[in-house]
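Subject: Structure for you to look at

Dear colleague,

I am handing over the structure we talked about, and my notes on it follow below. Please open it alongside this message while you read.

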Amino acid sequence: MPIIPAELVYSGGMPSAAELDAKLLAGETLLANTPDHLIEVVDVLKSYGEVLDAYSTNLIYQAEKQFLLPFPLFKYLDGHNSPARIWRHLNHDRINFEYAEYCMKTMLWHGTGGLDAYLDSEAFAENCAAIIRRKTSRDPLLAVLHPLFPGFLIELIRTAATTHALGQFWRVMSDLFLDLARAEADGRVDSIDAVVEFIKDGLVAAAANPITYGVEVIGEHLWVLPPKAGLTFLMDVAVPYVEAVFLRGTPFLGTVSFNAQAHQISPDQAQFAYGALYADPLPSMGSGIPPSLLMQDMYRHLPERLHSWYRQRTRGEGDVRVKICMSFQKSMFCVTNAAIRGTFPHPLSSTDPAEQAANRAYAAAWSGRLAVARTDCLDPSS
């Protein structure tokens, strides 16, 4: 098979919704299969996997050990509050956990999927009431705050639940991306299609993993997200994450006007298109652009093969973080491709007309949204 199959070569410009639809239904990859793309995707995901390991650890630490603390001053230190660690933190010799919180807040704000539905349920309200009763019985500050602001602690618990769930999601994705790098190194993954299939298999294998979260409050274990809620990895956390972070996102400060009279931001959150698949990578490292924090974190963990590849192109080291952002965007199209491939309602090989129609409708819904994303980065020449 040639490196670039004929059906993957674009005729020019950005692919239309119909072209994307055809690719999805044919089981083809959105990103063209080239040696350069393989290096970019595998190595940037390896770097991302290292970063997600730290993000996951910290989010779970925050949710479990900094729970309902009004002033969590040391939440980014993972419990290692030594003077040397604090000094490195103050000098910014550290991972930017603020970006992890940005993704968590984006998920919480957009509120889609099973996790959000449970956070709005009566069962969750009862869990919160039990936790607040126990916590305020020994915490005079919270005991005063709760009657004055009855929604405050509930919102903190919702935030902690989303924080822990995202930490669990990223734990799986970190391991998956690092496994992908090992698979490419030993020859098991040698094409973009193999990358997408590897990620799809990992997502499917983890699909039913339970998402649970409990806390210790004054010596008693209380559930926030109990097993009986039936929350699972794929549909209740992974899919809402893709919706919130890959697709919707949030408008970046300094790029659009937040003045309501300017009408530059849609009042309908479902129409937001500021996610990773839509973003222009050029503002990376600009003020008010949260992904700049992630680009810096990945730069610190960049594999030498990819770093050398970047040095040989355009401005060399001068725009390396922008290059990382562009490679990251390509990799996120591969992850999205894998998620779509793994969640088709029926096998693509099905000959049943009703099942084929359901698959066509599913593919059309995705291709309609992806057609206005940064699909120019999918081209073999990009």
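Which backbone nitrogen does the side chain of Ser 350 reach? The side chain of Ser 350 reaches that of Asp 352, at 3.2 Å, and this counts as a polar contact (a pair of N or O atoms within 3.5 Å; within protein, one must be able to donate a hydrogen and the other to accept it, and residues adjacent in sequence count only if both atoms are side-chain atoms).

Before going further, please bear in mind that this is a predicted model, in which local features need pLDDT of at least 70 and side-chain atom pairs count only at pLDDT 80 or more, while totals for chains, interfaces and linings use all residues. Residues are numbered from 1 along each chain as its sequence is written, and side-chain values use heavy atoms, with hydrogens and water left out.

To return to Ser 350, its place is in the loop between α13 (320-342) and α14 (353-370), where helices are DSSP runs of H or I with at least four residues, strands are runs of E with at least two, and both are numbered from the N terminus. Ser 350 counts as buried because its relative accessibility is 12%, buried being under 20% relative accessible area, exposed over 50% and partly exposed in between (1.4 Å probe, protein chains only). Its side chain also makes a polar contact of 2.5 Å with the side chain of Glu 355; leaving aside residues up to four places away in sequence, Ser 350 touches Glu 355 and Gln 356, contact meaning heavy atoms within 4.5 Å.

His 92, in the loop between α3 and α4 (97-110), is partly exposed, with a relative accessible area of 42%, and a polar contact of 2.8 Å joins its side chain to that of Asn 96.

Phe 74 lies in the loop between α2 (35-65) and α3 (83-90), and with a relative accessible area of 37% this residue is likewise partly exposed.

As for the whole protein chain, 14 helices and two strands are found in it. Its radius of gyration, taken over C-alpha atoms, is 22 Å, close to the 21 Å that the globule rule (2.2 Å times the number of residues to the power 0.38) gives for 382 residues, so the chain is as compact as a globular protein of that length. The C-alpha trace spans about 70 × 55 × 50 Å along its principal axes, and 49% of the 382 residues count as buried.
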